[in-house]
Amino acid sequence: MFMEYPVLAVALIFGVLAVLVKDNAVAALSLAFSAATVAGYYALAGLVVASFLVFVVYIGSVILMVMVTASMYGGFFDYPRRYKAAVAVLAVVAALLLWALIPQAPPPQVGQELQPNFDLLALIAALLVSSLVVAIEVAKRA
Amino acid sequence: MIAAIAVGLVLIAVGLYGLAASRNMVRLLIAVEVVVVGALAALAPVLSTAPSVGLWALVLLISMAAGEVAIIGAVIYRTYAAAKTTDLEELRSGGDRP
């Protein structure tokens, strides 16, 4: 498959960085990049529903909560502003590169049996996000 | 697709190492998520060959990840509120360590 090995290598590098880096918030950021790269790999392979699930549900709720937790008990905000700007620029450049590369991949193939499941997936996404919100509220009031 | 399985297994191994080596609750949470990302990568061939089975395995995996993050996150918040630390060694010693 086109770009298979570079994409997987990036996911592996960010996954290893997530464990080895000292700073909690930077580790959570590396984890988010690793998960996003795996989701990009799904998109490149034409697995649209799986890519949607990982991007929206997993990164949008689970990884977001990990990043918030790590930022609360990490140290990312002690870094200089130019460092944060450089990381943001790098992320934007990587996203633009992926955006330019994905249309060259084979067209997405959504099986007939997967079409009716979109409503169910949206429902699961809503349930997961609401369960995380409830967890935070319970933790605050317990 | 074999490469996806290999990368997934390596990520799972790295995450398990992180679980064994970390002494901070937030790092434990991140290590668990690295294991989940490895499982996501290793699941790609299943999604290609048997989409329905792979999709439901993916839904199950993400649901489990959300559940564990909710529980571990709540434990971290409560522990920090009670002991002002997320360091496991410090918690074990009753906050004696500087």
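Q: Buried means under 20% relative accessible area, exposed means over 50%, and partly exposed lies in between, with a 1.4 Å probe and protein chains only; what percentage of the 142 residues of chain A count as buried?
A: The model is predicted, and here local features need pLDDT of at least 70, side-chain atom pairs count only at pLDDT 80 or more, and totals for chains, interfaces and linings use all residues. Residues are numbered from 1 along each chain as its sequence is written, chains are lettered from A and ligands numbered from 1 in the order in which they are written, and side-chain values use heavy atoms, with hydrogens and water left out. Of the 142 residues in chain A, the buried share is 39%.

Q: Which pattern do the elements of chain B follow from the N terminus on?
A: Helices (H or I, at least four residues) and strands (E, at least two residues) are DSSP runs, numbered from the N terminus. Chain B has five helices and zero strands, and 47% of its 98 residues are buried. From the N terminus on, the order of elements in chain B is α-α-α-α-α.

Q: Among contacts in chain A with a separation of 6 or more, what percentage comes from residues 24 or more positions apart?
A: Contact means that heavy atoms lie within 4.5 Å. Chain A holds five helices and zero strands. When its contacts with a separation of 6 or more are taken, residues 24 or more positions apart account for 69%.

Q: How are helices α2 and α4 of chain B oriented, roughly parallel or roughly antiparallel?
A: Axes are lines fitted to C-alpha atoms, for helices over the stretch in contact, and angles run from 0 to 180 degrees between N-to-C directions. Angles under 35 degrees count as roughly parallel, over 145 as roughly antiparallel, 65 to 115 as roughly perpendicular and the rest as oblique. Helix α2 (residues 25-42) and helix α4 (residues 51-83) of chain B pack with their axes 10 Å apart, at an angle of about 175°. That angle makes the orientation of α2(B) to α4(B) roughly antiparallel.

Q: How many residues in the contact of α3(A) with α4(B) are nonpolar?
A: The axes of these two helices come within 11 Å and cross at roughly 10°, and α3(A) and α4(B) are therefore roughly parallel to each other. The contact includes Val57(A), Tyr58(A) and Val66(A) from α3(A), as well as Ile62(B), Val69(B) and Tyr77(B) from α4(B). Ala, Val, Leu, Ile, Met, Phe, Trp, Tyr, Cys and Pro count as nonpolar, Asp, Glu, Lys and Arg as charged, and the others, Gly among them, as polar. By these classes the contact has two polar residues, no charged ones, and a nonpolar count of 20.

Q: Which aromatic cluster includes Tyr73(A)?
A: Rings of Phe, Tyr and Trp (its six-membered ring) pair if their centres lie within 6.5 Å, and planes under 30 degrees apart count as stacked, over 60 as edge-to-face and the rest as tilted. Among the three aromatic pairs over all chains, Tyr73(A) and Tyr77(B) form a tilted one, at 6.5 Å centre to centre and 45° between the planes. Tyr73(A) lies in the loop between α3 (48-72) and α4 (81-101) of chain A and Tyr77(B) in helix α4 of chain B, so the pair joins two chains. Both tyrosines are buried, and the cluster consists of Tyr73(A), Tyr77(B) and Tyr80(B).

Q: How far apart in space are Leu29(A) and Met67(A), C-alpha to C-alpha?
A: Leu29(A) sits in helix α2 of chain A and, at 22% relative accessibility, counts as partly exposed. Apart from neighbours within four places in sequence, Leu29(A) is in contact with Met67(A) and Val87(A). Although Leu29(A) and Met67(A) are 38 residues apart in sequence, their C-alpha to C-alpha distance is 6.8 Å.

Q: What is the phi of Lys84(B), which is not a glycine?
A: Lys84(B) is placed in the loop between α4 and α5 (88-92) of chain B, and at 60% relative accessibility this residue counts as exposed. Although Lys84(B) is not a glycine, its phi is positive, at about 60°.
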